[in-house]
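Reader: I would like to understand how the words used for a structure follow from its values. Could we go through some cases slowly, one term at a time?

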Amino acid sequence: MNEVFLSVLRSIVGVANVLTHEDPGSDLGAWENDWRGLAQGRALAVVRPASTQQVADVVKACGAHGISLVPQGGNTGLVVGSTPDASGRQVVLSLRGMNKVRRFDAANATITVEAGCVLQAVQEACEREGFLFPLSLGAEGSCTIGGNLGTNAGGTQVIRFGNARDLCLGLEVVTADGGVWTDLSGLRKDNTGYDLRNLFIGSEGTLGVITAATLKIFPLPVATLTSFVAAPSVHAAVDLLKLAAARLGPALTGFELMNQQALALVAARYPQQRVPFHEVSPYCVLLEASDHESEAHGRALLEQLMETAFERELVTDAVIAESLAQSRALWHVRESITLAQAEEGAHLKHDISLPISAIPLFVDEIDRVLQQQFAGIRIVNFGHLGDGNLHYNIQAGVTDKDGGELSRVQARITRTVYDSVASFGGTFSAEHGIGSLKLGELQDYKPAAAVRLMRKLKDVLDPGNVLNPGRVLPLG
Ligand SMILES: Cc1cc2nc3c(=O)[nH]c(=O)nc-3n(C[C@H](O)[C@H](O)[C@H](O)COP(=O)(O)OP(=O)(O)OC[C@H]3O[C@@H](n4cnc5c(N)ncnc54)[C@H](O)[C@@H]3O)c2cc1C
């Protein structure tokens, strides 16, 4: 039966684009194992379509043979949602080969790209035309537009431009029955019924396969100023955010918080990087301002902001990058935290979001409770403070070399963090999604009525459970 199915797949995408374990010298690890190394799947095949029609035919064939598939882009997702389960019965549908820019429309300020385009390639294509595509995240060199929309990715410029959902004007989607729904017209206004686009965005490949998207683009700023400051507390950092928002308005394009432990890990793991203030300050903030007038104008605004921040004791030290190279180096520090945590070893991730006003008290309380109850753990707290999104991660203690102690208490730590987040009105997944990692939390913390509606939608749009089953919603 597998052979018949595989030969159907080969007839659709070509022999070279159906990879199996039976191929001589095959190694499917890059498609089967998740980025964090939490899950090792086994695929029946990895299929690499080159067109929307091929995707539609593959989805139809899967439905007809009772085989489910997992859409995959760059496989950088952090919640085990893009890799197959261990059954050896699922197909990985890799969209990476669909990577063309279909249309650039300067007057409409849109770009239409295929789902497999790597995010950085889209940013660069826009920049060459004098435009900005503002979605930006640490994995941008490998993650794809399909994955960004599948997870409704956030990143570092949400404070100004919103998340992936806000940057998308239209989609082309292959539905579970192998049909194609196309809406790539790039309209900014279209009130003709239910919002299908936003149903597929963030659905993590469980409702449809995104094959192309029309994205909003923006004029490139004349100057981008980056500042790295030492803040005495989270309270001070939130006050600095308020001040910066009032002074800079829409020019405030990034506001990232990093605690001392997060920066210490970067300094220890990457000694070649210069990490400012990490030995002296409990928190640092990376603040980015984009100016549409001139570099001098932007710099003057930022310097005035810093003066006031010093007067109000919101910052104790600050640098403003003097060149693009310096700015990149400061951002590199921020973006290295996730990698430094991975290299350091066992850790827990909590991608949480709270009302910004609640964050200082939340951090005071949860820091205190965890340090009391779980001596030795290292709290690595960083993230997109401007969006109320923290990566409140826990690294195994320095003496817990193999992470055995952390794994013994991890369920209790995570429960403590999420209970506290919920009590402050927040959520347990801000931008990474649910995948298979947070199915339990969805049941525990999402209102039952919402989960029931989600289940109904899944049953209607994918009655045969062909698309990424067991992700977002548990099987059955
Ligand atoms: C170092 C690092 C930093 C990161 N920083 C951030 C960050 O700041 N903000 C953030 O939001 N995320 C971040 N992430 C997580 C990750 O990069 C994003 O979730 C990204 O959007 C995933 O894109 P991808 O192409 O790798 O998708 P994959 O990992 O391949 O897939 C992710 C999910 O989307 C689905 N999917 C993939 N392609 C499609 C498609 N064409 N149609 C439908 N569904 C699809 C998959 O089935 C899966 O459920 C980071 C990850 C790393 C490794």
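This is a predicted model: local features need pLDDT of at least 70, side-chain atom pairs count only at pLDDT 80 or more; totals for chains, interfaces and linings use all residues.

Reader: Where is Val 80 placed, and what is said about its phi?

Author: Val 80 belongs to the loop that runs between β3 (69–72) and β4 (90–94). Its phi is near 50°, which is a positive value in a residue other than glycine.

Reader: What makes Glu 204 buried or exposed?

Author: The relative accessible area of Glu 204 is 12%; since the cut-off for buried is under 20%, Glu 204 is therefore called buried. Glu 204 is found in the loop between α7 (196–200) and β10 (208–216), and its phi, near 55°, is again positive in a residue other than glycine.

Reader: Which residues of helix α4 are buried, and how do you know on which side of α4 they lie?

Author: In helix α4 (residues 119–128), the buried residues are Leu 119, Val 122, Gln 123, Ala 125 and Cys 126. They cover an arc of only 165° around the axis, so they are on the same side of α4. These buried residues pack against β5 (101–105), β6 (110–114), β7 (131–132), α5 (145–150) and β10, and just after α4 comes Gly 130 with a positive phi of about 80°.

Reader: How do you know what span is expected for helix α10?

Author: Helix α10 (residues 295–311) has 17 residues, and the expected span is 1.5 Å times one less than the number of residues. That gives the expected 24 Å, and α10 reaches 24 Å from its first C-alpha to its last, which is close to the expectation.

Reader: What covers the buried residues of α10?

Author: The buried residues of α10 are Gly 298, Arg 299, Leu 302, Leu 305, Met 306, Thr 308 and Ala 309, and their cover includes β12 (223–231), α8 (234–248), β14 (283–291) and β15 (317–320). Just after α10, Glu 313 takes a positive phi of about 60°.

Reader: Why is the charged end of Arg 160 said to sit over the ring of Phe 161?

Author: The distance part of the definition asks for CZ of Arg within 6 Å of the ring centre, and the charged end of Arg 160 is 4.5 Å from the centre of the Phe 161 ring. The definition also sets a limit of 35 degrees from the ring normal, and the charged end of Arg 160 is listed as sitting over the ring.

Note on methods: Residues are numbered from 1 along each chain as its sequence is written. Side-chain values use heavy atoms; hydrogens and water are left out. Helices (H or I, at least four residues) and strands (E, at least two) are DSSP runs, numbered from the N terminus. Buried means under 20% relative accessible area, exposed over 50%, partly exposed in between (1.4 Å probe, protein chains only). Contact means heavy atoms within 4.5 Å. The arc is that of the directions from the helix axis to the C-beta atoms.
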